[in-house]
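Visitor: I would like to learn how to read a protein model. Please take me through it feature by feature.

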Amino acid sequence: MSKNTFYFSHDHNARNDRKIAALVKDYKSSGYGIFWAVCEMMHEEDGSLEFDEMTLSAISKDLNEEVEYVTEVVKACINKFKLFILNNETLNSNRVIRNLDQKNEKNKKKVDAGRLGGLKSGVSRSRNEALLEALLEANEADISSASSIEPKEIKEIKEIKEIKETKGGASEEISEIQENTIIGNMRKSWLKINPKYQFDENRDLPALLNIAYKIAKVKGWNPKNVINGKLDETVESWDKIVSFIKNDFHYCKLSIFRIEENWSGLYQTMTATKESRSKTEEPKKVKIIRD
């Protein structure tokens with residue numbers, strides 16, 4: 001089942017709705033099935049369908065019904081039972097519109113909650129970073145004598161201090177804005193090849209960032225370089241990977257987060273393919289004809 005499946009409301013007693021009951025009385029279970037098939041298609045098409053021969057033919061094919069019968073039932077749902085609304089050759093339903101509104105409202109609440117959580121996390125992170133920076137500036141005796149710090153935390157602070165001193169005190173933190181930059185660029189590259197792909201925001205976007213770090217590892221870079229100085233090269237490498245995925249029978253069927261989970265296999269496949277092409281594309285020896 002597709003990861004993007006949306007479960008719309010189908011009341012357990014929908015068959016007792018007076019309009020639907022009237023539909024079933026006239027057209028039996030087949031009419032009931034046609035009604036819900038149309039509702040499903042409306043949800044897939046963001047709430048409306050073109051009321052034309054192509055749509056009716058698609059429904060009849062899916063349900064193995066005669067197109068004339070499907071047309072009759074749908075017209076009855078419009079004119080007699082008032083289950084569908086026809087407006088300028090576009091078919092929709094109050095039930096479907098309500099379901100989609102509820103879905104969008106839930107998604108908005110999730111986004112708002114995530115944004116609020118991110119802000120709170122950012123504030124907390126800023127406070128912690130300020131405290132850590134102060135501790136890192138302190139000498140070892142001051143850190144060890146701080147009664148509010150656990151021994152484990154003291155050890156971690158010392159390790160961080162050693163790393164910073166080794167690297168000349170240069171900060172290598174990647175901000176959320178920078179992460180979003182690389183994710184956004186990689187997302188655009190993916191959509192150029194897969195324009196109809198529906199992103200799973202919770203799994204695909206973090207997977208893109210992880211893939212960027214894995215590209216850095218393959219290249220022998222410090223992972224932080226995917227943002228600091230190597231962004232264009234990272235996206236260029238991702239472009240090549242996406243082109244390979246598109247033409248691969250197995251990987252072209254996977255979502256982005258599944259590709260990230262199967263990174264090792266993908267990398268091995270790409271490497272083997274590259275080596276195979278190199279062998280077949282070796283330059284031919286040129287025969288020199290002497291006079």
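Guide: Start with a cut-off. Buried means under 20% relative accessible area, exposed means over 50%, and partly exposed lies in between, with a 1.4 Å probe and protein chains only. By that rule, tyrosine 197 and phenylalanine 199 are both buried. This is a predicted model: local features need pLDDT of at least 70, side-chain atom pairs count only at pLDDT 80 or more, and totals for chains, interfaces and linings use all residues. Residues are numbered from 1 along each chain as its sequence is written, and side-chain values use heavy atoms, with hydrogens and water left out.

Visitor: What percentage of the 291 residues of the chain count as buried?

Guide: The figure is 31%.

Visitor: How many helices and strands does the chain have?

Guide: Helices (H or I, at least four residues) and strands (E, at least two) are DSSP runs, numbered from the N terminus. Here there are 11 helices and three strands. From the N terminus, the order is α-β-α-α-β-β-α-α-α-α-α-α-α-α.

Visitor: How do I read a sheet?

Guide: Strands of a sheet pair through backbone hydrogen bonds, either parallel or antiparallel. Two strands pair if DSSP finds at least two bridges between them. In this model, three strands make an open sheet in the order β1-β3-β2, with antiparallel pairing. β1 (48-50) and β2 (85-87) are the edge strands, each pairing on one side only. From one strand to the next, the twist averages 30 degrees.

Visitor: Over how many bridges do β2 and β3 pair?

Guide: Three, in the antiparallel sense; β3 covers residues 90-92. Isoleucine 85 stands opposite asparagine 92 in β3.

Visitor: Which helix packs on the sheet?

Guide: Helix α1 (residues 18-44) does, and it touches β1 and β3. Contact means heavy atoms within 4.5 Å. The direction of α1 makes about 100 degrees with that of β1. Axes are lines fitted to C-alpha atoms, for helices over the stretch in contact, and angles run from 0 to 180 degrees between N-to-C directions.

Visitor: How do I find the two faces of a helix?

Guide: An α-helix has 3.6 residues a turn, so residues three or four places apart point the same way. Take helix α2 (residues 53-63): Thr55, Leu56, Ile59 and Ser60 are buried there. Seen down the axis of α2, these buried residues fall within an arc of 135 degrees, so they line one face of the helix. The arc is that of the directions from the helix axis to the C-beta atoms. Glu53, Met54, Lys61 and Asp62 are exposed, on the face of α2 turned away from its buried side.

Visitor: What covers the buried residues of α2?

Guide: The cover includes α1, β1 and α3 (67-79).

Visitor: How do I check the length of a helix?

Guide: The expected span is 1.5 Å times one less than the number of residues. Helix α8 (residues 204-219) has 16 residues and should span 22 Å; its end C-alpha atoms are 22 Å apart, which agrees. Among the buried residues of α8 are Leu205, Leu208 and Ile215. Glycine 220 follows α8, with a positive phi near 80 degrees.

Visitor: What should I make of a positive phi?

Guide: Most residues other than glycine have a negative phi, and most peptide bonds are trans. Lysine 28 is not a glycine, yet its phi is positive, about 60 degrees. Lysine 28 lies in helix α1 and is exposed, with a relative accessible area of 53%. Asparagine 64 is not a glycine either, and has a positive phi of about 60 degrees. Asparagine 64 lies in the loop between α2 and α3 and is exposed at 71% relative accessible area.

Visitor: How are aromatic pairs described?

Guide: A pair of aromatic rings is described by the distance of the centres and the angle of the planes. Rings of Phe, Tyr and Trp (its six-membered ring) pair if their centres lie within 6.5 Å; planes under 30 degrees apart count as stacked, over 60 as edge-to-face and the rest as tilted. The count here comes to eight aromatic pairs. Tyrosine 27 and phenylalanine 81 form an edge-to-face pair, 6.4 Å centre to centre, with 90 degrees between the planes.

Visitor: How many residues apart are tyrosine 27 and phenylalanine 81?

Guide: They are 54 residues apart, so the pair links distant parts of the chain: tyrosine 27 is in helix α1, phenylalanine 81 in the loop between α3 and β2. Tyrosine 27 counts as buried at 13% relative accessibility, and phenylalanine 81 is buried at 5%.
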